[in-house]
Every structure is written in C-alpha cells, then in structure tokens.
Amino acid sequence: MASLADRFNINAQLEHLQAKYVGTGHPDTNRFEWNLNIKRDTYASFIGHHSLSAYHAIAENESIGRVKYGFKQSMLLPCGLPPEKEDE
Amino acid sequence: MEGNGEGGVPLTGGAVFDKELYGGADVTGYAAVAADLEEDDVDEREAAVASKLASYTAPKSLMNDLPVQEDGDEDPSLLQSKRIVDRESDYSKRRLNRIISPDRNDAFQMGDKTPDARVRTYADVMREAQLQRERDNTMRNIQEKQRREAEELAALDAVPTKASGMAAAAAAAAAPAAAAPSGKRSRWDSAAPVDAKKAKVASEWDSVEATPAVNRWDATPGQAPTETPGRGGWGAADDAAQPKRNRWDASPTPGHGAGGAGETPAGGKRSRWDATPAMMGAAAVGATPAYGMGATPAYGMGATPAGGLGMETPTPGMLAAQMAAQQGVPMTPEAYQQMKVDREMDERNRPLSDEELDAMLPGTAEGYKILNEPPGYEPIRTPGRKLMATPTPFGGTPLYQIPEEDRNQAYDVPKQLEGLPEMKPEDQQYFGKLLKDVDEEELSVEEAKERKIMKLLLKVKNGTPPQRKSALRQLTDKARDFGAGPLFNQILPLLMSPTLEDQERHLLVKVIDRVLFKLDELVRPYVHKILVVIEPLLIDEDYYARVEGREIIANLAKAAGLATMIAAMRPDIDNVDEYVRNTTARAFSVVASALGIPALLPFLKAVCQSKKSWQARHTGIKIVQQIAILMGCAVLPHLKSLVDIVKHGLNDENQKVKTITALTIAALAEASAPYGIESFDDVLEPLWKGIRLLRGKVLAAFLKAIGFIIPLMDAMYANYYTREVMIILIREFQTPDEEMKKIVLKVVKQCVGTDGVEPDYIRTEILPEFFKHFWVRRMALDRRNYRALVETTVEVAGKVGCSEIVGRIVEDLKDESEPYRKMVMETCDRVVRALGTADIDARLEELLIDGILYAYQEQLADESPVVLNGFGTIINSLGQRAKPYLPQICGTIKWRLNNKSAKIRQQAADLISRIAPVMKKCDEEKLLAHLGVVLYENLGEEYPDVLGSILGALKSIVAVIGMTRMTPPIKDLLPRLTPILKNRHEKVQENCIDLVGRIADRGAEFVPAREWMRICFELLDMLNAHKKAIRRATVNTFGYIAKAIGPQDVLVTLLNNLKVQERQNRVCTTVAIAIVAETCAPFTVLPALMNEYKVPELNVQNGVLKALSFVFEYIGEMGKDYIYAVCPLLEDALMDRDLVHRQTACSVVQHMSLGVAGLGCEDALTHLLNYVFPNIFEVSPHIIQSTTGAIDGCRVALGPAVVLNYLLQGLFHPARKVREVYWRLYNNVYLGSQDAFVACLPRMEDDGVNTYHRHELDVFV
C-alpha cells in the first residue's frame, strides 16, 4: 500500500514538474521528444544570449534581428514532423 | 395568589409582573420589539457565535442523560460530543428545517421540448415559493389579529370585579408568551381547563404550521416530515397533540398517564381502552369503575396483560424511533438516545435462559419438576415496554390484527458485515439495507448500483484510512457510471443527518467535491439539493468548514453553469425564512467569485430592484455585501456598478433593507480601501441625510458606512464630512446601546485618522465629550469595548499629541477599579510607544510616574503583563528624565522582592529586567549593582517561575553593567548558577542558559577552566530540552566555552557524548561539535573527530559523519583546505554497508561541494562523486534525498556537463526502473542549469525525416 502511495505521489510530482517545465523528461520520453526539447532549448539559449546571436549573425552575414527571428521560426518544428505513433 | 389580597404581589409561586412597581406597561408589547431585533448584521451574528463558542456545552437534555458513575463523576469520554449539532447555535440548527428538494428539470438538456409534467421546473418552484410566502403572510396576519384580540380581552379583564379581577390580571401578567392561546379562548373552548386548552391550541397550531411542509414533494427520500419531530414543530406537539390522536395510540407514558387517568372522567374523551392495566393499581382503579380489576376477573393479573407482543403501544418516542428505523428516514437525536437506552435496557433485562434458570433453581435431582408452558403462551421479550402494554381487547375489535412477532429479532449484538466497517446504531437507517442478506445475482442493475454506492459510502464514513481512500477513489472513478441521481440521493440525506460528526461531514463533503468534478453538467438537476446541504457550511463557526463549503459551491457553479445556479437559488432569495435567505446570499457571493462578478451583475440588479417583496431586495443587497467581504479588493473593477445596484436601498421604505444597504456600502468601502471614493459619490448624500433623520439600528449601520467611506476621501472633503457626522456621533456618545457604542468608537477612530481632520478641531469638539462618556469604568469591563476604546484613543492621540491624552487620563491610574486602571495603563503604554514622551512636561511626568507606581503596586497578582509593559515602556521612553524617580522605584522593587506572595516577587524581578537599561542610561550603576546583589541573594528562590524571572533580571543587569563591574563578581555568580542548570523547569533553564552563555561569551576569563568543564557536563543534559531555544542556546554556549578554555577538553566531552542512545542528544552534540569547529577553526577539531571514526560503533561513526556534515555546512569556503584530508574517510563511509553511513556521507559531500564551488577542488569532488553515484538506486527516501543533494552539489561545483555525462548512459536504459531514476536526476540538472548544458548535450544523428543534428553548433567565424 505504502509503496503504491509513494509511486502515486512521485508520479503526481512529476506531472506537476512537467506541467511547469516543458523541457523536463520522463521515463517514456522518446528520441523525438528529447531532441525536440534539446533543439528548442538550444535556440532559446542562442536568442537569450545576445553575444551568441551576434556570433551567428556574423557567421551568416545577416542582421542580428533576422538571425533571432530565424531561430524563433525554427523553434516551431525544429525536428520536422513527429513520427507516427507505433502502436495504438 | 388570591389570598394575598388586592393588587399585592405574591411572595411565593410564579413570577408575576407587578404593575404598581413597573407601571402599567403592557407586557405583550415586548414581543413585537423582540421580533424587530432580529437583524442581519454580520458582525453581530459572528459575535454571537463567538460568544457561544467561548463556553459551548452540550444541550441540557443530553447532559441529563449522561450516565453517572458510582462515585458521581461523569464519564469524561462521554462528555465531549463530536457531533456537529451539539455545538451549533439555534440559528445554525435551522438548517435541519430545510428540505432536500426533489430533482429539477435541466433546461439545457431539454432543449425546446416541453418538460414532462412530473418533472419539477423552475416555474413550479417559483409558484411554490410564492404560495409559501402568501401562507406565511396569512399566518402572520392571523397571529397579529389574535394578539390584538388578546389585548382587547386583557383590557376588558383589567376592569375587574373584586372576585375575578385578580385571577385575570395574574393570568395576563404571568403568561405574556401565552398571549396567542389566551386569545383563542373565545373561539374554541372557553370552558375548557387551562391545560387542556393549551394542549389543544398547540396541536392545532402545529398542524397548521406543519401543513406547508407536507406537499407532494415531500416524498423525497428521507424527508417525510411526520417522522421527523423537531422539523415541522411536531416534536413540540408530541405531548400536546395527544388529545387529538386517535385512541389507538393513546397509551401514555406512566407519569403522564397517571395524571391523565385522574382527569379521565372529567375529560370524558377517553374510552376505556386508553387505560393500560399497569396503571390499574394506581389511579385508574377508582377513576374508571367501568374497568375495575375485580369486575373482570378474566384478566387475571393486572401486571401481565394477555396481549401479545407487538400489541403494546409504545411511547411516542419509541414509536417514532421504530417507524424511522423501519422506513429509513432520519431520526432526531432524542430518538437515537431513546433507542440506545432501549437497547441497553433490553440487554440487561433480557430473559433468563434455560441454563441460567437451571443453575439458579433446584432441579429434578431435588425432586422438583420443570413444567411446560401453557399452550398458546408467548413471552414478552421487552419488559421495558410491558408497563405500557395495552391489553388485547378480547372479543376482537374490528380493523385490528395482532402482528406476528419477529422471533429472529437481534437484541444486543449489532450485525457485522464482512469487509465493511462497523455500523453505528444511527447509521442503521441509512445503511440498514446492507444488513439484509441478498443474492447479488438477483438484484436489478439499479439495486446493485445502489448497494455498491452504499457500501462505498459506509467505508468512506466509518472505515479505516486505507479503506476510505480506496472507496473514495472508486466513487470518483465510477461517478459517471453510477450516475448523479443514485449518488446524491444517498450522500445528501447522510449529510443532513442530525448525528453527523465533523470528521464524517468533512469526508462526505470531500466525496461530493470529487464526484462533482467527474459528473460535470450531469449535476444540474441536483444543484438545489446540494446547495441545501452545503449552504449551512458557509455559516459554520469552523473556518475550515466554511472554506470547504465555499470550494464545493464554487466547483458546483463551474460544473452547472450560471444559469442553472441562478435558477436553483432564485426561489430561495425571497424565502420567508431568514436563515434560508442568509445562506443563499452567501452561496451567491461564492458563485460570483467563481464565475466572475460581471456575469452576475444583471441578475443582481434585477433582484435588488424587486418590487414584489422586500425580502428579495434585502437578499440581493446582502449578496453584494457578501461579495465584498469574500472578494476584498477584487471588487474594485466593478465597484461603481455594485454601488449603483444597491444605492436605492438607502431610501427603501423597509428598515431592514436600509440597514443592510448601509452595511453593504460599509463592506464595499472597506474592501476597496484606499481607492474608489468616486464610486461612492451617489451614496454620500443619502447617507448624510440619513444620519440626521434616523435612530437606532439603522443609524448605527449608516454611521458604519460613513466610517468606512471617510478614510477614502481627499483631505478637504474628509474634513467637511467629518464635521457633519461628528455632531451625530457626539450625540450618540451617550447611547446606552453597546453595539452603537462600538460603532461610534470605530467611526471616531476612522474619522480622526483621516488626513483632513485638524487636531484643534478634535481637541475642542470631540475630546471633552469623548472622555466624559467613554472613559468610564464600565467600558473596561467588556473586552470588546475595552479594545475599541484603547484603539480609538491611541488614534486620537496620534492627532492631538501624547500629553493631551495622557494628561486627561493620568489621574485614573489611581482609580480604584483594577480593570479600569489596566485600560488606562495600556492606553498610556501604546500612546507613549507611538509618540514618545517629548511633550510631557515636568508636572505631568511626576503625575505619570506616581500613577504607574501606584498601578504597579496595587495590581492584583494575575498573569496579564499590561502594567509591567506600561511601566517598562514609559520609563524607557523617559530615559534620563527618569533618574530622580529611580531610587524610589528601586526601593519599591527591593521591598517587593521580599514579599510573601510569589507573584509579587516575580513581578518585581520582571520589572528589573525592563528598567535595567534605563538605570544604566541614568548612571545609576551603583543602584544596579546593589540590585544585582539583592537578586543574587534571592537565587535560593523555590518557585521556578520567580527563579526564572530573577535569572532574567540578573541577565539584563549583566548585559548593561558589563562583566568587569558586575556585583557580585562573575567568579562568585557562576558557581551559584551551575546547580541551577539542573533545574528542569523550562523558564529557569532558558534564562539560566542564556545567562551562562553570556558570561561564557564575554567574561569567561573570570571563571576557572575547571568550573567551565563542570558546566559543560551539565550542559549535555540540556540538549534533551524540549524547547528549541534552550537547545540552541546550549549548543552556542559550548562554542563560547570552547573558545574560552580551548577546544580539546570540550571536544572530548562532546565526542564521548556521541555514544549515548538518545538521538536528539546525539544530533545536538554533533551540532555542538560543528560549532566548536567553527569558533576554534576546523584544524583544532578535525583530527580528534576523524580519529573518533575509528571507534567500531555505529552511532559514533554516524555521529562523526553528521558532525562533519555540519562542520562543512558552517565553514563554507574554509572547507577547501580540509577536503583532501577527509576524502579517505568519506570514501570509506560511502562504501560502507550501513545505509545511514552512506546517507550521511552523501550529505557531507553535498555541503562540502557547495562550499568549495569554484575553488579548484574538482579532482577531489569528481573522485567523491564516483563513490556517491552508485547510491542513486537506493529506495529509502532519506538516502534518495541525500544522494540527490550530493549530485546537485556536484553539479554546482563541477558544472552540469560532468554530471550530464554520468546521466547519458541511463536515460534510455532498457529497464524502466533505471530510466526513472536517471530521468529524475536529468530533470534536476535541467532545472538547475538548463542554459549551461545546452552546449554539452550530445551530437545526434538525423533519423529519417527528422533532423536532430544541431547545425548551428558547427558554425564558426
């Protein structure tokens, strides 16, 4: 009973965590979901650190604003369409 | 009475109204006033509830029923009732009068179809409400008419002839409450004797009153009013109604019957069947000759009537109980009580069994023979009822049959069901069905469902926590399968049960809450039912019950939607019962907060302007008030519309509507303070006009509204309006009405506190009257008055200055009334604390000191610190100006330190600790030192409270005078303190350890090291103290002592203490070690500590690790020098088989890594992390926590990349258990350093259509 309750609690906590922080994972995270988060986090980091945006702007010979805009756009579907669910 | 002669007042007998003394006032007139007093002021009611709560007790009837033990002591376990009804006020009990209305039509589901005629629609409900109201009006008119008739009659009688005059006058005077009955005399039975008439009238009335409740809807489960005495007034009618009952149920209780039998011939109504044979021996023999015992020898013994069981007519109470039990309707608490008593009696008086008889009586061996019972004999099993048994009328009355006796009846053992919790007797009526054995297969779907729900509810209500939990979950999960109807039809009657306890109610309410979520729109037909049950929670005195009620209603509103909620509650808005309106208003405010005020505004507007009834307007306005109270400043966006909705109520013709409007405006202004004055523009004029015209309660409400509006105004307006209202306020200063007094005080406080009001104005206009009327002794007696007056006076002082106020009341410090002196003292205290004593001149200063000394000396020995606080505050505020008075004060203190009374000695010592800083400031060191010696001499004090105070006083003297100049010298003082450390009294311990700690901190060198060591040993015991403050002071004292005499000896003592068994003691010891390490530098402690780890004893090793953990926590960055030294020890601990070793070592690593982050100890930490990491798979929560902590610490010190590399190997492990752990750790890292580890995440290959490669990372310039 106790262990059941514990698991229930931990899962409840995890659910809460996931609701609060999108990027957190769980045991059933698949390759696609994880990479999605990784990519989005990466772009968010680039956008957030102005120096990194500037670096990319120089490398791509674009304006910083456009580079940031590009990152934002690529956050939409950074890894392409999600794979079909295997079994359901 | 008559014998007393004309116009006299009898010396004995009942109370009579003496017209000569009290004037010719008509007593019946008071009734009207009392009716008017019923008022909806929230504060009042809450105050009433609070005052009830202060000393609530079980109802008298219950207290009388309590079993009394042999020695006369009452059984304490029975004394505390957990039932809700027992602590409720009469007002709250009115919830029991409400009826769970049947399901209503769900207009949404119906669409355009015409609803089925059998379903109750909104129109039906409204029609009923209307009927009810008209009926109520008619009833009231009738009552009014009767009262008038009675008055006329009394007036006629008041012109008496000599003979009849007295009786009539006495009757009129003695029975003001019986006015109605006496009025009926002329109509019904003028010749009947008083008693009979009363009874008749009562029954007549009750039946009339009860009629409204009996309509076709009363067939709902659990709501047949006939079986619920106390609901429709039937309880009261029980006795009274007897004459009207049909003759078959007329066998009365013995006491009643004996009296009744005597009356029988006169009444002439009784048939001979009414008299039971048991009574024959008593009154009946002579009184009913037609039924004489001798005349009918066929009856045999009168005591054993030949009537079969089931024939006997039980008392009305039993009747009700039985019927209720059979029919599954709620019973009253009295009925339960009756049932319980019956059960007990049955058990004790159960018939003797054959074996028992065999044991008692001589048997065949002695030549006796056991005879068979005569044919046809049936024993009566319940002797308790034998007395009341009615005899069988031989020859057979038509229309009556002897019921079969149920031989299977269980007498004592309550049936127990497998897998179900125990059932209380009062649960039987709800869960009785479960006791019947049924074949589950044969049940219809509906019946099976009902049975299932019943089982689950019983588990929730009476079960153990695990049972309850799983039942609750099942109910929630299957809610939609069960359906709303079956669920609520069982839950709601349970909640209305009069024997419900708090815990049970909480659980059932929880069930409703959970179920609501699942059912969603399916609840619509049941909204009103649910509200009837939940609304009473909103006025419960228990805060949590109120919150629970609010939550349910909010969820209900969200599930059912606004339209349904309004449709359900609209009919209750102008209900005749004030209780219903009150709770409905509160429920509506909850709906408003759940669905938003704007949604409700149009409806509220319509209700508040209702032309049909003042009740509707009253409730509508009350809803607004409740919204303001509930939502606070959230009303601001809608303030204007809310005020607009209610403002016309100020001019309403009904006084109650006026009052509630003013209170609502007060609530709105309070909620919106300090903003929103522009919204109140429209109500200013009627309010200020109103206060000039109105009197009494309405005026009080208007003043309250003004009091809350004025603080919102700009300075200029505030000044103007204050002057306007002040005339009225000053007039009302002399009101005798307590409530008015409080409101006036509050308004004065609010007005005076506003910016625009000038001090001069207050000084000249307000103060004289204020002090004349309020600063009187009577005000100090009531706690609420006391507080209000002190607060208002302090507020006034803020405007007019300290000396003005203190000057006016200072003389009263010498008043003879103790409570009044206290009130003066507290006011002085608070005024001086707020404003200082700068403007107090020499003369006033003298008076003040004189006054406080007097008050101090005269105070009774009680706990309240008011006088002491006042003394301390004033003296401290005077500072150096207090110097001339100090000798006198000290003289008093010294004198009182030797007083016989312990309390006085304690007060004296307490006073020293308060004035010691001032004495230092006034250069009275000699005096201080002298006091120190006096206190020192008093250390032999035997009362622990006093001793604690003395130690406290010494502590404050030491603090101001310093170690070197202290008398007695520290080297004499400390040895006296060592034995006191053994004292177990908390106050003594705390003060003593504080004093010792202070000496150890500042003056350790005055005491030889050996004395300190002795104290160290004493201190170890103090680590067991319950109070945390004492343990903390003790641990700190270890640090001071170690600093004074070097850590070695102290450390040895402490390390030895690690061997003790008690956990708290060990934990405190480790803390003390850590503190010693911190104060004396870690290198003095660590070698000895680490050496101690060699001791092959679990507790010691764990203690060492724990101490290390504290050490590294306290020393922080300093840890970088020691990390390599302790590494081997930690390696060992992290590999130990013992779980606690690893756990504690993990917490060492955590604190260590956090301390040395960024200080270049990565190599050691990585090494330790390798030892920590395998522990991630542990299952005990403690070790999980500390391992996670250690890894988190390492993340900070080593960076997320390192930890991430540990984690990558397990994130996609085939075993789910492993993944769970790794993802948890991954999430921690992610939360801690999301941004930082973007760069270290692995390079991923693209997978088909999905591009996982992060090309941006490959960009370079």
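**Figure 1. Secondary structure and burial in chain B.** Chain B of this predicted model contains 61 helices and 0 strands. The chain has 1261 residues, and 37% of them are buried.

**Figure 2. The interface between chain B and chain A.** Here 24 residues of chain B meet 26 residues of chain A. Helix α61 of chain B, residues 1216–1233, gives the largest share of the chain B side, with 8 residues. Sorted by class, the chain B side that touches chain A holds 13 nonpolar, 7 charged and 4 polar residues.

**Figure 3. Helices α48 and α49 of chain B.** Two packed helices are described by the angle between their axes and the distance between the axes. For α48(B) and α49(B), residues 986–1002, the angle is about 145° and the axes lie 10 Å apart. The crossing of α48(B) past α49(B) is left-handed. From α48(B), the contact residues are B:I970, B:L974, B:L977 and B:I980. They meet B:V988, B:C992, B:L995, B:V996 and B:I999 of α49(B). This contact of α48(B) with α49(B) comprises 9 nonpolar residues, with no polar and no charged ones.

**Figure 4. Helix α35 of chain B.** This helix covers residues 696–709, which is 14 residues. At 1.5 Å a residue, α35 of chain B should span 20 Å, and the distance between its end C-alpha atoms is 20 Å, so the two agree. Helix α35(B) is mostly covered. Of its 14 residues, 13 are buried.

Figure 5. B:L1055 sits in helix α52 of chain B, residues 1047–1057. The residue counts as buried because 21 other C-beta atoms lie within 10 Å, where the cut-off is 20 or more. Beyond its neighbours within four places in sequence, B:L1055 contacts B:A1088 and B:E1092. B:G1103 is 48 residues away along the chain from B:L1055, and their C-alpha atoms are 8.7 Å apart.

**Figure 6. Two cis peptide bonds in chain B.** Most residues other than glycine have a negative phi, and most peptide bonds are trans. The bond from B:A673 to B:P674 is cis, with omega near 0°. B:P674 lies in the loop between α33 (655–672) and α34 (681–693) of chain B. B:T967 and B:P968 are also joined by a cis peptide bond, with omega about -5°. B:P968 belongs to the loop between α47 (944–961) and α48 (970–980) of chain B.

Figure 7. A:N61 is a residue other than glycine with a positive phi, near 55°. The residue falls in the loop between α3 (50–60) and α4 (64–74) of chain A. A:N61 is exposed because 7 other C-beta atoms lie within 10 Å, and the cut-off for exposure is 12 or fewer. B:A1081, again not glycine, has a positive phi near 70°. Its loop runs between α53 (1063–1079) and α54 (1086–1092) of chain B. B:A1081 has 13 other C-beta atoms within 10 Å, so it is partly exposed.

Terms used
Residues are numbered from 1 along each chain as its sequence is written. Chains are lettered from A and ligands numbered from 1 in the order in which they are written. This is a predicted model: local features need pLDDT of at least 70, side-chain atom pairs count only at pLDDT 80 or more; totals for chains, interfaces and linings use all residues. Two residues are in contact if their C-beta atoms, placed from the backbone, lie within 7 Å. Helices (H or I, at least four residues) and strands (E, at least two) are DSSP runs, numbered from the N terminus. Ala, Val, Leu, Ile, Met, Phe, Trp, Tyr, Cys and Pro count as nonpolar, Asp, Glu, Lys and Arg as charged, and the others, Gly among them, as polar. The expected span of a helix is 1.5 Å times one less than its number of residues. Axes are lines fitted to C-alpha atoms, for helices over the stretch in contact, and angles run from 0 to 180 degrees between N-to-C directions. A crossing is left-handed if the near helix is turned anticlockwise from the far one by less than a right angle, and right-handed if clockwise.
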